[in-house]
Amino acid sequence: MNQIISKPLNGEASIVADEFVIVEVGSAEAPVAVPSTGQVLVHLSVWEANKAELSARAQTGDLGVYLNPEDNPEQLQGDVNVLKLIAFNFPVFKYGQGYSGAVLLRTRYGFTGEIRAFGDVWRDQFFLLARCGFTQFDIKEGKSLDDALNAFSDFTIPYQTSADGSLPVFNRRTAAGA
């Protein structure tokens with residue numbers, strides 16, 4: 001069984017079991033077959049094409065939607081009350097579209113479910129991913145989950161506002177009357 005790190009917004013991080021299977025996109029000639037049971041993550045295009053039949057599974061939390069860097073998270077604005085899990089694929093370390101996508105989902109569209117990072121995700125990214133609203137972290141294969149748990153305490157005071165709602169240092173000073 002796969003394990004991931006779960007960290008509720010402004011909560012404590014822990015290692016949890018994960019049974020979600022990523023369903024590949026497929027092609028026009030060979031469309032993807034979504035398994036009828038189990039927990040699955042389907043690509044945005046599969047969700048859009050099959051939303052009517054997949055919505056019930058999404059509401060129970062057995063189906064989530066993932067986006068690749070070229071996908072637009074604005075397409076999910078009408079689905080934030082249906083989906084319980086939205087994931088962003090980071091196929092290579094250099095892609096950062098998922099950061100802004102998570103902030104958009106949290107701040108503009110009011111998404112309250114789980115946001116997962118998967119793919120080429122490293123410990124160095126965890127603190128900032130969490131600040132942007134990510135709550136689940138499926139780290140790069142071969143990396144230590146126990147070591148990754150420590151990433152959330154690498155920094156103690158943020159310097160800017162973000163989707164996690166914690167006050168940056170300049171607002172803390174103002175609130176304290178300094």
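These legends describe close-up views of a predicted model. Local features require pLDDT of at least 70 and side-chain atom pairs pLDDT 80 or more, while totals for chains, interfaces and linings use all residues. Residues are numbered from 1 along each chain as its sequence is written, and side-chain values use heavy atoms, without hydrogens and water.

View A. Helix α1 covers residues 44-60; helices (H or I, at least four residues) and strands (E, at least two) are DSSP runs, numbered from the N terminus. Its end C-alpha atoms span only 18 Å, whereas a straight helix of 17 residues would span 24 Å (1.5 Å times one less than the number of residues). A kink of about 105° is centred on K51 (the angle between axes fitted to the seven residues ending there and the seven starting there). Just after α1, G61 has a positive phi of about 90°.

**View B. The buried side of α1.** L44, V46, W47, L54, S55, R57 and A58 are buried in α1 (under 20% relative accessible area; exposed is over 50%, partly exposed in between; 1.4 Å probe, protein chains only). Their cover includes β4 (40-43) and β5 (63-67), judged by contact, meaning heavy atoms within 4.5 Å.

**View C. The loop at E19.** E19 lies between β2 (14-18) and β3 (21-22). E19 counts as exposed because its relative accessibility is 51%. Its C-alpha atom is 8.3 Å from that of Q3, 16 residues apart along the chain.

**View D. The loop at W122.** W122 sits between β7 (114-119) and α3 (126-131). Its relative accessibility is 30%, so W122 counts as partly exposed.
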